[in-house]
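Hi,

Have a look at it first, and then read on for what I found.

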Amino acid sequence: MKWPSINRIKEATTQTLFRFPLEIFCALSGTVLMLWQIDQDNPDDQVVRLILCAILGLALFLSLTVMAESYAFSKVKRAITQTLGALLLVLCWFILAPIETETSIIRYSFLLVAFHLLVSFAPKTTIEAFWEYNKQLFLRILISGLYSGVLFVGLCIAIASTDFLFDLDLDSKIYQRLFVVIAGLFNTVFFLAGVPNHFENLQQDYPKGLKIFTQYVLIPLATIYLVIILLYEGKVILEWSLPKGIISWLILGYAVYGILSILLVHPVRHSEGNNWIKNYSRLFYILMVPLLPLLCLAIIVRIQSYGITELRYVVLVLAAWLTGVTLYFLFSKQQNIKVIPFSLAILALLSAWGPQSASSVSESSQRNRLIRLFDSQGSWRDNKLQPMPANITDSVGNETINQLRFMTERYGAASLLTILSQNLNDSIAKKDTIKNKYTRRYAGTELLRKELGLKSYYSKNKNNYTEYYQGSTTTVDFSIEGYTRIFSVSWYNQGNDELSIVQDGDTLRIQIEDKLYKANLATIYKNIELLEETESRNNMVPDQLMINIGQEGDAAKLIIRQIDYEKDTVGRKLNNLQGFLLHK
């Protein structure tokens, strides 16, 4: 076995750095920012956005590099292309603001898919070279992941052993830092070193295992899905009933397995003894024809009942895409498999931003659904939401408040500004200045609930309703005099190695090593519920959120920074508690 020399490794790394400078810069920037973020108590939204843009930049610049190499761009043309890529990343920075919202995460997911798909068809290749190029990229991803995983596990064992043997008491975050460095730098450089650079003359090397995998794993799985779907479609027709939503995912699963099977055996479809591949390919698309109406019907039924959400938008777009792909491969003589990633990338980009994007269409649909709920009760006048009448049924109240909560949590209270009165808009603007996003969303929902005449969050049992409470203080001033230790308390994480927390009615049982403290939260709950305004609850006096616990000589004090809980006719349920425990 010939071991790689240091010079060979150095030479390969240098070549990779010079070939992919912008990609390495993105990887290095993202790694440094992640290392900095690890040492922070709370995530910084600006830093998180920079990290996500660095990940997008890695895929985007890689696609531009292979495109420039395959089309033999001049230095000027390559510089212009890279500048346009950088400007696109700047646009992504603004598209992802603020990153804390779910809509921004959804947009990021679409962009990530689009940029990675762009890498697959960016170089100029024949169809055969296109398949081989993507095969090599896929195998390189697997090999890079394997090498990086083995390196990480090995170094973790070495660090843990050294820490144990020499009592070094190393910071536990060292493993997070190690993972970030290996995943961000080593894995990236190793992968880039294996990216093909001769795109037109790639020698096709078809692994026999792929054919076996396709023939005996993927195709049987697709067949199982097909049988289930066809039997269910027959049941729907016989009973003349509407299809259930899950059928959409079964049809999409069949489509994924089927298309993947066709792509994996594409290079050997004309080889001797492989006529079954062409027959299967055509049969697959023929069998898609009766499934597509069922897929469309299933998603349309859900949209009519509950409106469009981002997930339903994706299913609807995929249904349209599958229809187009099916027609193309049934009637086109070219049978160009590049159409698949190219069309998906275009759809992903269109879904990420603009009036036709998933978030914009979903927001508009859900806002219209809310308007219809108010209109059904005569509370939609002059194109504005009016307070609901007092005699609405529990089911209407429950549905309406859930819709309000969905809108404020997913799109923010600002998504309703055009259908609210001016005085409500002014009040919402004040709530939007609250820094904590969960507090801000809760405050916005509570404000709308009260102003629009909705009593509370209802449960299915009309005799039992649930109210949500939240209390917090912006300043936590306390003296540590007389106390020897301080612990961070987090109900959300259910404690840590030093401390465990269990709820027992209104009592919180806090175990610290061999000592058990019982904190009765009844007084805290009372202090919160006495305050009527949400804004007052989120700016409480620190003394209102403190409890002395334990006994003399073994006293402790629980200092709460934030607490969230639910209250119904049965009792209270703690959802979140953050604070400190002072211990003598």
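Let me begin with Ala72, which counts as exposed because its relative accessibility is 62%. Please keep in mind throughout that this is a predicted model. You will find Ala72 in the loop between α3 and α4. As you know, most residues other than glycine have a negative phi.

Trp240 sits in the loop between α8 (208-239) and α9 (246-264). Is its side of the story buried or exposed? With a relative accessible area of 76%, over the 50% cut-off, Trp240 is exposed.

Two packed helices are described by the angle between their axes and the distance between the axes. For helix α3 (residues 45-70) and helix α4 (residues 75-95), the axes come within 9 Å and cross at roughly 155 degrees. That angle is over 145 degrees, so α3 is roughly antiparallel to α4. The crossing of α3 and α4 is right-handed.

Which residues of α3 and α4 meet? On the α3 side they are Gln46, Arg49, Leu50, Cys53, Leu56, Gly57, Leu60, Phe61, Leu64, Ala68 and Glu69. On the α4 side they are Arg78, Thr81, Gln82, Gly85, Ala86, Leu88, Leu89, Cys92, Trp93 and Phe94. Sorted by class, this contact of α3 with α4 has 13 nonpolar, 5 polar and 3 charged residues.

Helix α4 also packs on helix α5 (residues 102-121): the axes of α4 and α5 come within 10 Å and cross at roughly 155 degrees. With that angle, α4 is roughly antiparallel to α5. Here Leu88, Cys92 and Ile95 in α4 meet Ser104, Arg107, Leu111 and Phe115 in α5. The residues of the contact of α4 with α5 divide into 5 nonpolar, 1 polar and 1 charged. Note that Leu88 and Cys92 of α4 turn up in the contact with α3 and also in the contact with α5.

Next, have a look at Thr16, which has its place in helix α1 (residues 6-19). Thr16 counts as buried because its relative accessibility is 5%. What does Thr16 touch, leaving aside its neighbours within four places in sequence? Its contacts are Val189, Leu192 and Ala193.

Gln403, in helix α14 (residues 394-410), is the other one I would pick out. At 4% relative accessibility, Gln403 counts as buried. Once its neighbours within four places in sequence are set aside, Gln403 is in contact with Gln366, Arg369, Leu370 and Leu373.

Leu260 is found in helix α9 and counts as partly exposed, at 36% relative accessibility. Leu260 and Leu218 are 42 residues apart in sequence, with 8.0 Å between their C-alpha atoms.

Asp504 lies in strand β6 (residues 499-504). Asp504 also counts as partly exposed, with a relative accessibility of 46%. Asp504 and Asn520 are 16 residues apart in sequence, and C-alpha to C-alpha they are 9.4 Å apart in space.

**The chain as a whole**

Finally, some overall figures. The secondary structure of the protein chain comes to 18 helices and 11 strands. The C-alpha trace spans about 85 × 70 × 50 Å along its principal axes. Of the 584 residues in the protein chain, 43% are buried. The chain exposes about 31700 Å², and carbon and sulfur atoms supply 61% of that area. Among contacts with a separation of 6 or more, residues 24 or more positions apart account for 70%.

Happy browsing, and do write back with any questions.

Best wishes

Note on methods
Residues are numbered from 1 along each chain as its sequence is written. This is a predicted model: local features need pLDDT of at least 70, side-chain atom pairs count only at pLDDT 80 or more; totals for chains, interfaces and linings use all residues. Side-chain values use heavy atoms; hydrogens and water are left out. Axes are lines fitted to C-alpha atoms, for helices over the stretch in contact, and angles run from 0 to 180 degrees between N-to-C directions. Helices (H or I, at least four residues) and strands (E, at least two) are DSSP runs, numbered from the N terminus. Angles under 35 degrees count as roughly parallel, over 145 as roughly antiparallel, 65 to 115 as roughly perpendicular and the rest as oblique. A crossing is left-handed if the near helix is turned anticlockwise from the far one by less than a right angle, and right-handed if clockwise. Contact means heavy atoms within 4.5 Å. Ala, Val, Leu, Ile, Met, Phe, Trp, Tyr, Cys and Pro count as nonpolar, Asp, Glu, Lys and Arg as charged, and the others, Gly among them, as polar. Buried means under 20% relative accessible area, exposed over 50%, partly exposed in between (1.4 Å probe, protein chains only). Accessible areas come from the Shrake-Rupley method with a 1.4 Å probe; for residues, only the protein chains shown count as cover.
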